[in-house]
Every structure is written in structure tokens, then in C-alpha cells.
Amino acid sequence: MPVASHEVYPMFVEPYFRASIAGSITPEQIEYIKNLKMTNNPENMISENLYIFKEPELKSIGDAVQEVLDIYAREVMCIPQRIYVTQSWSLICMPRAGMHGHSHSNSILSGSLYYSELPDPPASMIFTRHVTYQQIELQPDKTKRNIYNSPINRITPRQNDVILFSSSLTHMVEPNMSNQPRHSIAFNTFVKGELGDYRALTQSL
């Protein structure tokens with residue numbers, strides 16, 4: 001007999017979070033970050049210092065990023081624990097350089113900060129649904145992609161934005177197709193506070 005009706009419901013949602021911290025970044029800090037000592041990464045350049053938010057010159061930026069994390073923990077995750085930055089580093093994608101697909105271990109949330117003017121085009125971040133090898137690819141009709149079937153999502157960065165996402169998500173950066181360097185800061189996070197339940201024998205203080 002024919003199907004009388006059908007319904008689709010979202011079961012789990014994977015968010016990303018965008019916040020502007022324009023008022024916390026000064027021209028002097030932009031120059032300071034751009035002049036950090038860099039070293040070659042497989043596809044781009046990365047700062048030798050991998051804890052740059054600990055630098056006193058960048059205190060207002062680190063404080064603003066912490067405020068963003070506090071909002072996310074309180075209003076999105078709705079948890080009493082505090083999410084805090086662990087490592088933080090500067091990245092430069094020179095013309096034609098991008099970043100391969102990867103995820104971040106030992107981190108709850110990862111983030112990107114676009115602290116200076118972006119090139120045109122700005123090179124998007126690409127997020128993929130799958131985190132492991134897929135033997136069979138079933139590609140949806142490009143005109144009918146939605147939150148249930150899209151294999152990728154694209155985020156276009158804007159100057160002064162902090163973008164947060166789950167560290168388990170596989171993500172990459174498109175090649176920089178401009179003639180200008182693409183500057184950003186990346187960071188990882190972890191959690192402080194009591195975890196688990198005393199009676200369930202899962203408590204960690």
C-alpha cells in the first residue's frame with residue numbers, strides 16, 4: 001500500500017559558533033603577531049611559540065577568547081565546568097597554500113581567530129562529516145543537500161571573528177588563491193571542574 005505520510009527529525013546537531021572580538025584587538029597586537037618567529041609546517045607556516053595567548057602583549061585577545069569560550073560553555077553546552085585554552089599558535093597560508101584535513105586530539109573545542117584583514121578570496125574552512133575511511137560514497141544530489149545528507153560544510157572567515165567547533169571534526173583550509181598571505185590564530189581547549197557523579201563511580205575532581 002502507498003505510504004500515507006512520512007517525517008524526518010534531527011537527532012543530533014553539530015554546531016559551530018562565531019563571535020566577533022573586534023574591540024579587543026589593537027593594531028599593535030596585529031603587528032606583534034605578524035612578527036612572531038615562524039617555522040615551516042607541511043603546507044603552511046606555524047609560529048615557533050605554541051602558547052601565544054600566554055604572551056603579555058596578547059592578554060586582551062586571550063581574555064576575549066576566554067569570554068567567548070565561557071559563553072559557549074554556558075549557553076551552547078550548558079555545562080557548569082569551564083572550558084579554557086591550552087595551546088595557541090599563529091598560522092600563515094601563503095599564496096596557493098592551504099591545510100590538509102585533520103582533527104585535534106586531547107581537546108574539547110578548537111578555534112580559529114582571524115585577527116587581521118583577510119585576503120580576497122579569504123579561503124574557507126571546509127568541514128567533513130566523516131572522520132574515518134569510507135569504502136562506499138553515496139553523494140546526494142547537489143541541488144538537494146541539507147543538514148541530513150551534506151558530506152561537507154563550508155565556513156567563510158571574517159576579520160575579527162572567533163570560530164569554535166568540536167575538536168573531533170575533520171576540517172581543512174582551502175588553498176589561498178589570492179596574492180596575499182592569509183593570517184590566523186588556532187587554539188585548542190580543555191575542561192576544568194568536577195566531572196562525573198560520586199554514586200555512579202565516575203567522579204573526577
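I take a pocket as an open set of points, on a 1 Å grid over the protein atoms alone, where a 1.4 Å probe fits, with protein on both sides within 12 Å along at least five of seven lines; lining residues have an atom within 4 Å of a point.

**Ground rules.** The model is predicted, so I note that local features need pLDDT of at least 70, side-chain atom pairs count only at pLDDT 80 or more, and totals for chains, interfaces and linings use all residues. Residues are numbered from 1 along each chain as its sequence is written, and side-chain values use heavy atoms, with hydrogens and water left out.

**Pocket.** I looked up the largest pocket first. Its volume is about 630 Å³, a volume being the space filled by probe spheres set on the points, which are joined across faces, edges and corners. I found 24 lining residues; V13, E14, R129, I147 and N153 lie nearest the centre. Two elements give two or more residues to this lining: β7 (125–128) and β8 (152–155). Strands here are DSSP runs of E, at least two residues, and helices are runs of H or I, at least four, numbered from the N terminus. β8 gives the most, with four residues. By type, I noted 16 nonpolar, five polar and three charged lining residues. Nonpolar covers Ala, Val, Leu, Ile, Met, Phe, Trp, Tyr, Cys and Pro; charged covers Asp, Glu, Lys and Arg; the others, Gly among them, are polar.

**Open sheet.** Next I traced the sheet that holds β7 and β8. Four strands run in the order β5-β10-β7-β8, with antiparallel pairing. Why is one side of β5 and of β8 left without a neighbour in the sheet? β5 (99–102) and β8 stand at the edges, and each has a single partner strand. The twist averages 15° from one strand to the next; axes are lines fitted to C-alpha atoms, and angles run from 0 to 180 degrees between N-to-C directions. Pairing takes at least two DSSP bridges between two strands. β7 and β8 have four, in the antiparallel sense. F127 stands opposite N153 in β8.

**β6.** I then checked strand β6 (residues 109–113). Five of its five residues are buried, so β6 is largely enclosed by the rest of the structure. Buried means under 20% relative accessible area, exposed over 50%, partly exposed in between, with a 1.4 Å probe and protein chains only. L109, G111 and L113 point one way; S110 and S112 point the other. In a regular strand the side chains alternate between the two faces of the sheet. Five bridges join β6 to β9 (residues 161–166), antiparallel. There, L109 has S166 as bridge partner. Four bridges join β6 to β11 (residues 182–192), also antiparallel. There, G111 is partnered by F187.

**β4 and S88.** β4 (residues 82–93) holds S88. S88 is buried, at a relative accessible area of 1%. Beyond its neighbours within four places in sequence, S88 is in contact (heavy atoms within 4.5 Å) with N49, L50, Y51, I52, F53, A186 and F187. β4 joins β11 through 10 bridges, antiparallel. R82 is the bridge partner of K192 in β11. β3 (residues 45–47) joins β4 by two bridges, antiparallel. I46 pairs with L91.

**Whole chain.** I counted two helices and 11 strands. The pattern along the sequence is β-α-β-β-α-β-β-β-β-β-β-β-β. The C-alpha trace spans about 70 × 50 × 30 Å along its principal axes. Of the 205 residues, 40% count as buried. Residues 24 or more positions apart account for 83% of the contacts with a separation of 6 or more.
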